[in-house]
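Have the structure open as you read.

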Amino acid sequence: MNVELLDTTLREGEQTPNVSFTLEQKLEIARLLDEFGVEFIELGHPAVSPDVHQAVEGLVRLETRAQKLVHARALPADIKETARLGVPWVGIFFGTSALSLAHKFHIDRTEALRRIRDAVCCAKDLDLKVRFTAEDATRTERDFLLEVAGVAQEAGADRFSIPDTVGTMSPRVFGELVHQVSAELAIPLHVHCHNDYGLAAANALAGLEAGARLADVTINGLGERSGITALAELALALKMLYQVENPWKLELLPRLSRLVERTSGVLLSENRPIVGLYAFTHKAGLHTRAVLQDPRTYEAFPPELVRRQRQITLSKYTGRAAVRARLAEMGIEAQTDQLDQIVTEIKSRPQKRHFSDVDLLEIADDVLGLELRARVPLQVEAIVHLALSSALYTTRVTRRLIGLAQVKEVYEITGDEDVVAHVVAGSIADLNDFIEELRVSDGVERTSTRLILKGYAKDESSNAV
Ligand code: COA
Ligand code: ZN
């Protein structure tokens, strides 16, 4: 399969409610996307606002292997500006559905075809490469869509894009549509799938299977309303389920995701595929038991593929195998009956949703009668204080912190500092990396960190430990 990805986090992604990237953030995102290896990056729509225009100017100067494209209406002013800015590709969009013609443009089909032809010709006269997008293509009458596609190609468009603008397609119907258009055109097709029914990834794959060359994506699936196809999901599916050979660096997906989570302020749900907190965490006893034997029993793909780690969470669903394995990692051996006691103890505390290493050591200590409490747990815990540059950032920073895997609790506090976070990391080095990342976050003025040497938890079943 000959496929390409166009990332439009900087344009469609910035159309997500409450999202606005600074130029520095856009440059950072574009650099990392280029390192990942997407084939195209959409830089923005310069006509939107002065800052978007400036960002496009800055992004054009960034050297990338990815080809650059900007968004433009089918208007000479937008197209000429693309050429003036020195962007090689212009993505001209024009709504072609009956709804668009009647309510956006108040024109008939003949006039629409004329505007489309003029716009593409205008861009070709300026030596631009053109992708023409028939906005709302999936709700455009089929015969007219084919006419639009023919006119765009004849006028010189290099690519034709079929967006499912309001996300109303099923994969089967979308595949048929793409197949039909591709039979009529010689130029490569693009697809742009919105996620209103949660089918953006499925539809993009259906489009590619039906012969489209390229799919639009955004990091974390950002975009208008429920967004569009997420980069991580599509890239992984294409590599693993379709065996495409593009040299994408899948291991950068979690970093891209975190960067955009931080800069957009839109937090991921924990169960998000690939990049979500729980994507490689096993809970049920029978699952963990099998995973400890061979991870393939309950994993679609190994976490190492995206440079993440498998985790096993201890809770009332836990069985002996997981407890034995975790204790063994801490150098503790327990007999079968002792293990049973530890598991019974864990299962007797359903209110406690998660057992940390410290919790496990506590229980093991009581059962085994060893002086385990003095042992250093595998994890490093710390309390991090953050001072913010203005109160405006408090909610944003707090919300962001809560969404991060390493953060257990967050408090907004009075005094010289504004926020306190309880952080758990795998090692001192991980902790340092994490704190460094916090330190350079938007709005964070300074941080101070205290390591936790011992933990004392209070819960329903025991008063003090
Ligand atoms: N091709 C050609 N003309 C288009 C068009 C298109 N795809 N879409 C809209 N227009 C025209 C409208 O017909 C209207 O023309 P008219 O003034 O002759 O009636 C004009 O653009 C709208 O202009 P304006 O009245 O200035 O609208 P605005 O204040 O909304 O400003 C933008 C226009 C593009 C700057 C503004 O809408 C914006 O920032 N949009 C964000 C980008 C966007 O909407 N992208 C669509 C994502 S797919
Ligand atoms: Zn869109």
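Strands β11 (residues 380-388) and β13 (residues 419-425) run antiparallel and are joined by seven bridges. One residue pair to look for is glutamate 381, whose bridge partner in β13 is valine 424. Keep in mind as you explore that this is a predicted model.

Now step back to the whole sheet. It is an open sheet of four strands in the order β12-β13-β11-β14, and the pairing is antiparallel. Which strands stand at the edges? They are β12 and β14, and each has a single partner strand, so one side of each is left without a neighbour in the sheet. From one strand to the next, the twist averages 20 degrees.

A helix joins the picture here: α15 (residues 394-402) packs on the sheet and touches β11, β12 and β13. The direction of α15 makes about 165 degrees with that of β12.

Next, find a pair of helices. Helix α6 (residues 142-155) packs against helix α7 (residues 171-184) at an angle of about 40 degrees, and their axes are 10 Å apart. That angle makes α6 oblique to α7. The crossing of the two helices is right-handed.

Here are the residues that meet between them:

| Helix | Residues in the contact |
|---|---|
| α6 | Arg142, Leu145, Leu146, Ala149 and Gln153 |
| α7 | Leu177, Gln180, Val181 and Glu184 |

Sorted by class, the contact of α6 with α7 has five nonpolar, two polar and two charged residues.

Terms used:
Residues numbered from 1 in each chain as written. Chains lettered and ligands numbered in written order. Predicted model: local features only at pLDDT ≥ 70, side-chain atom pairs only at ≥ 80, totals over all residues. Heavy atoms only, no water. Axes fitted to C-alpha atoms, helices over the stretch in contact; angles between N-to-C directions. Parallel < 35°, antiparallel > 145°, perpendicular 65-115°, else oblique. Left-handed = near helix turned anticlockwise from the far one by under 90°. Contact = heavy atoms within 4.5 Å. Nonpolar A, V, L, I, M, F, W, Y, C, P; charged D, E, K, R; others polar. Pairing = 2+ DSSP bridges.
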